[in-house]
Amino acid sequence: MANAVAENYLQQSTNKYSGIKSWLLTTDHKKIGLMYLIAILFFFLVGVIIGLLMRLELIAPGKTIMDPQTYNSLFTLHGVIMIFLFIVPGLPAIFGNFFLPIQIGAKDVAFPRLNLLSWYVYMIGAILALVSLFLPGGPIDTGWTFYIPYSVRTSTNVSLAIFAAFVLGFSSILTGINFVTTVHRLRAPGMNFFKMPLFVWATYATAWIQIIATPVVGITILLVIIERAFGVGIFDPALGGDPVLYQHMFWIYSHPAVYIMILPAMGVVSEIIPTFSRRTIFGYNAIAMSSLAIAFIGYLVWAHHMFTSGMSDTARWVFSLLTFIVALPSGVKVFNWVATMYKGSIDPQPPFLWVMSFIFLFSIGGLTGLVLGSLATDIHVHDTYFVVAHFHYVMFGGTGTIFFAGLHYWFPKMFGKMYNLKLSKIAVALFFIGFNLLYFPKFILGYMGMPRRYYDYLPQFESLQKISTFGSWILGGTIFFIVGYLIHALIKGKKATSNPWGGVTLEWHIASPPIQENFEVIPTITHKPYDFSQLKEMKNE
Amino acid sequence: MSQAPTVHVESVDFVMLYIVGISVILLLGITATMIYFVFKYNRKKGHQPVDIEHNTALEVTWIVIPTILVLSMFYFGYTSFREIRNIPENSFKVEVTARMWKFSFKYENGKQTDTLYVPLNTPVKLEMHSQDVNHAFYIPAFRIKEDIINGKTTYLGFTAKEIGDYDIACAEYCGLNHSAMYSMVKVIPKDKFDQWYNKK
């Protein structure tokens, strides 16, 4: 086993199958992670292009490049793609698959075949969503929230599109089950729960939300389909149903889903900061426990999406209070991250710069969430651009930024190649500028009273809309620039060493790219996860 | 606009300033500290890193202070919100009907309009219902909004204290012409209003 020429997982001869089959029939968690990366990156870029088209339409009032029906479909698709195909599966499916087993010293996930099935289920869901665009009836135009009664009355292909979301939910549940079992059963000798890296903790907490919350949206979607197909009155008032019930059921899933989106990103941040500060994380237990706290309190705040829905005033203040409480564990994490830099030895390489950018953008996202948690201010800015700005700062500035941070952090490990560091530092700066130009004006527009999901707008909003569109060009261009230099690095990049950043979690102890079953010998864990005294003993060829 | 058109606007803007003020301080504090650390503890300076695993006093502080801050934000937000929910019994009532993509208003004497007319300094209560899908009644200048849901009546209240015309927008996505679903509220002096209201 301890063979110096053990082949890495990308080399075909180590597989039962060759060529494309060696990918499509693989049960290797790393290859499955890469297949997710390709699929998810593709859908992300589609979502980006749709976003750019929407921004172009909004560069001036009135019609610019499309009619309102097209615009309404585009903002729905942008939401559906970005939420269900990019950001919910994103980090767990790509980096969770690839690194969770390695970080706990396992050869693979607990159920490798189920893992491959999850990928296929994801692809089937994605294809159904695409098919729904081209069938008669036309692309869905309800907004990604599918609010009833509109979603029962529109003639567009709602049933198929939400069925796609239903299928995607199963992929999410299966991945969750796989990760929970892997963490419980496959930790290497000596790897107790409090020696696990924080990315593992975060992915573990996320997996529980995936298992527990996702079935609720599955049930809700089935009820909507039954209502549309058979005219059974559940949510539609015309049939005796209650549209607000739909909103409750939708957000009982979709609010916890927000934490499915952000928790793994927080885990990645907790990996990157110690590595580049070369010191242990500050408040390991606080960060691990705040992941669990967020996961569980996150179930109890869903109705803050509904402060104007006409529900009782008591429900409104209770959910407002709970919303403020759930803000606290996120705040604690930010303080811990910054404190981890204190008295470190900081080397601001690209992954670290992405994280710095994240801390700024995510803090804005989190702090503007306080404006939305407070009843009086939420009533004013609910369903305006303020909300759009807020969740783009949290989701894109948060998870999206960390998607790039993780990609830059683990790229040399995944592919054994290094990208151009100078170019990627420029990319972080351009991304940051473009991002703020695109989304910051939306806070102001929202407070001025610009409602969201508007094809057209009043003249007083024009200058800020223009700035936002201008920002979208910088941001969009930067994203394609990043994809470009990473692909270039894949083909022509310099060979990466096994530990280019000086990390100490298990993935940095093995070859780049890793060998077929990750470890020549399953390690016995004696160190805490961020104990940099190991660095001296680690070989770095 | 120089004067706030309702008392509620002043209180919402106060809550906003309070939250944003604290947020800006926190944001700048976090960012400045981070940037300072990156320079101060840069690897190029050759410091030996120090592993500090935790500090109970510091961690308790940064839980307790934010808890107090967010509870105060909750409290101000809630008390301001109460203003628009406590609508006086003797308010001037207007029935609001929303449908794709139009608002219409019906007054107690049977008068109907597409623009909302209200008397100055008089509490107004809007009783709202929808004929089709969800809509939301939003007057940005008054900082008030409530969804209009088919099958139930929702309500809103305000007391305008400045004469003027203010936009009403639909804020809940309702299909094709959602972005064209605008109307206007005209606040006019009581005597002029009465003249208009009693004219056949």
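**Note on chains A and B of a predicted model**

1. In chain B, the centres of domain 1 and domain 2, taken over C-alpha atoms, are separated by 38 Å. Domain 1 of chain B covers 7–85 and domain 2 of chain B covers 92–198; such bounds come from an automatic or database domain assignment.

2. This is a predicted model, in which local features need pLDDT of at least 70 and side-chain atom pairs count only at pLDDT 80 or more, while totals for chains, interfaces and linings use all residues. Residues are numbered from 1 along each chain as its sequence is written, and chains are lettered from A and ligands numbered from 1 in the order in which they are written.

3. Five residues from domain 1 of chain B and seven residues from domain 2 of chain B take part in the contact between them; two residues are in contact if their C-beta atoms, placed from the backbone, lie within 7 Å. Helix H1 (residues 7–40) of chain B supplies four residues, the largest share of the side of domain 1 that touches domain 2.

4. Chain A contains 16 helices and two strands. Helices (H or I, at least four residues) and strands (E, at least two) are DSSP runs, numbered from the N terminus.

5. The C-alpha trace of chain A spans about 70 × 50 × 45 Å along its principal axes.

6. Among contacts in chain A with a separation of 6 or more, 83% join residues 24 or more positions apart.
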